[in-house]
Amino acid sequence: MRQGIPSLFLILHFSVPINYKLHLLQIPVSHLAGKNILLYFSAHWCPPCRAFLPKLIEAYQNIKAKDEAFEVIFISSDRDQASFDEFFSGMPWLALPFGDKRKASLGRTFKVRSIPKLIAVEPTGRTVTTEARNLVMIHGADAYPFTDEHIKEIEARYEEMAKGWPAKVKHALHEQHELVLTKHRMYRCNGCEKEGHLWSFYCAECDFDLHPKCALDEDKGIKDDNKLEKAKPGEGWKCDGEVCSRA
Ligand SMILES: [Zn+2]
Ligand SMILES: [Zn+2]
């Protein structure tokens, strides 16, 4: 996953400016010096890209609020300028101009074979991860700065959190079977219909998921004699059952 790619920064530093928002104000690539960057390979025609965009915008705003030394660059696979303009108009970050020749070399450097693709690059030019999209999907802004060390730390918090939960529950929304505490990277909660990540109370037979938050909310009809302990996230963290965030 890790590879040295100083050439990326040579490419960026020594070539023409990058567009900024719809005003097409050109800003110099030197603006990126010292920043952690996400290269966002994406296109308006790609439904998963459109679906992922609101998640990325939310994460971007939260990361920016904590660390100015961060930027996202949209690298478009759109077919024409109009689609590029439309898609980019909803993004609060930077972009390579439509049709910029650097796109092809960046795509080759990072072996981009599918979109959306989100690649995290350190100020030194080192690739942190080419799988930042999954990390943003699962952890949102907490994934920043996307390093292995940081992700391991977050995952350890999740492990710790789950220790406070029962292994199985019975729930009024799924009376036919017990729900088993299961690691489930991404799912849709059959209780609140929202997305969930990492932990689910799950019935494999029926493919039925509940957020820990939804499964353990006693007001919503848990029919279990077990004493349900509340989640205990690590110090300095708060948990809503779906994500853990720094308090
Ligand atoms: Zn739920
Ligand atoms: Zn079931």
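The chain holds 7 helices and 13 strands. The model is a predicted one. Of its 247 residues, 31% are buried.

Start with the core. In soluble globular proteins, nonpolar side chains tend to be buried together. Here, the largest nonpolar core has 38 residues. Those with the most contacts inside it are Leu-38, Leu-39, Tyr-40, Ile-73, Ile-75 and Ala-132. The helices that give two or more residues are helix 2 (47-66), helix 3 (81-88) and helix 5 (132-139). The strands that do so are strand 3 (36-42), strand 4 (70-76), strand 5 (94-95), strand 6 (117-121) and strand 10 (195-203).

Leu-39 is then in contact with Ile-73, Ile-75, Leu-106, Ile-119 and Val-121.

Now turn to the helices around this core. Which residues of helix 3 are buried? Phe-84, Phe-87 and Phe-88 are. These residues span an arc of only 90 degrees around the axis, so they sit on the same side of helix 3. Strand 4 and strand 5 are included in what covers the buried residues of helix 3.

Helix 5 is mostly covered, with 6 of its 8 residues buried. The buried set is Ala-132, Arg-133, Leu-135, Val-136, Ile-138 and His-139. After helix 5 comes Gly-140, with a positive phi near 60 degrees.

How do helix 2 and helix 5 meet, and at what angle? They pack at about 75 degrees, and their axes are 10 Å apart. The angle falls within 65 to 115 degrees, so helix 2 is roughly perpendicular to helix 5. From helix 2 come Phe-52, Lys-55, Leu-56 and Ala-59. They meet Arg-133, Val-136 and Met-137 of helix 5. By class, this contact has 5 nonpolar, 2 charged and no polar residues. Arg-133 and Val-136 are also among the buried residues of helix 5.

Follow the chain on from helix 5. Tyr-144 lies in the loop between helix 5 and helix 6 (148-162). Is Tyr-144 buried or exposed? Tyr-144 has 23 other C-beta atoms within 10 Å, so it is buried. Asn-62 is 82 residues away from Tyr-144 in sequence, yet their C-alpha atoms are separated by 9.8 Å. Tyr-144 is joined to Pro-145 by a cis peptide bond, with omega about 5 degrees. Pro-145 lies in that loop between helix 5 and helix 6.

Another cis bond runs from Ile-115 to Pro-116, with omega near 0 degrees. Pro-116 is in the loop between helix 4 (102-109) and strand 6. That loop also holds Lys-111. Lys-111 is not a glycine, but its phi is positive, about 50 degrees. Lys-111 has 10 C-beta neighbours inside 10 Å and therefore counts as exposed.

Glu-193 also has a positive phi without being a glycine, here about 70 degrees. Its place is the loop between strand 9 (174-188) and strand 10. With 8 other C-beta atoms within 10 Å, Glu-193 is exposed.

Ala-43 lies between strand 3 and helix 2. Ala-43 has 18 other C-beta atoms within 10 Å, which means that it is partly exposed. What does Ala-43 touch, not counting residues up to four places away in sequence? The partners are Cys-49, Ser-76, Ser-77, Asp-78 and Ile-115. Ser-83 is 40 residues from Ala-43 in sequence, and the C-alpha atoms of the two are 8.3 Å apart.

Methods
Residues are numbered from 1 along each chain as its sequence is written. Chains are lettered from A and ligands numbered from 1 in the order in which they are written. This is a predicted model: local features need pLDDT of at least 70, side-chain atom pairs count only at pLDDT 80 or more; totals for chains, interfaces and linings use all residues. A nonpolar core is a set of buried Ala, Val, Leu, Ile, Met, Phe, Trp, Tyr and Cys residues joined through C-beta atoms within 7 Å. A residue is buried if 20 or more other C-beta atoms lie within 10 Å of its own, exposed if 12 or fewer, and partly exposed in between; C-beta atoms are placed from the backbone. Helices (H or I, at least four residues) and strands (E, at least two) are DSSP runs, numbered from the N terminus. Two residues are in contact if their C-beta atoms, placed from the backbone, lie within 7 Å. Axes are lines fitted to C-alpha atoms, for helices over the stretch in contact, and angles run from 0 to 180 degrees between N-to-C directions. Angles under 35 degrees count as roughly parallel, over 145 as roughly antiparallel, 65 to 115 as roughly perpendicular and the rest as oblique. Ala, Val, Leu, Ile, Met, Phe, Trp, Tyr, Cys and Pro count as nonpolar, Asp, Glu, Lys and Arg as charged, and the others, Gly among them, as polar. The arc is that of the directions from the helix axis to the C-beta atoms.
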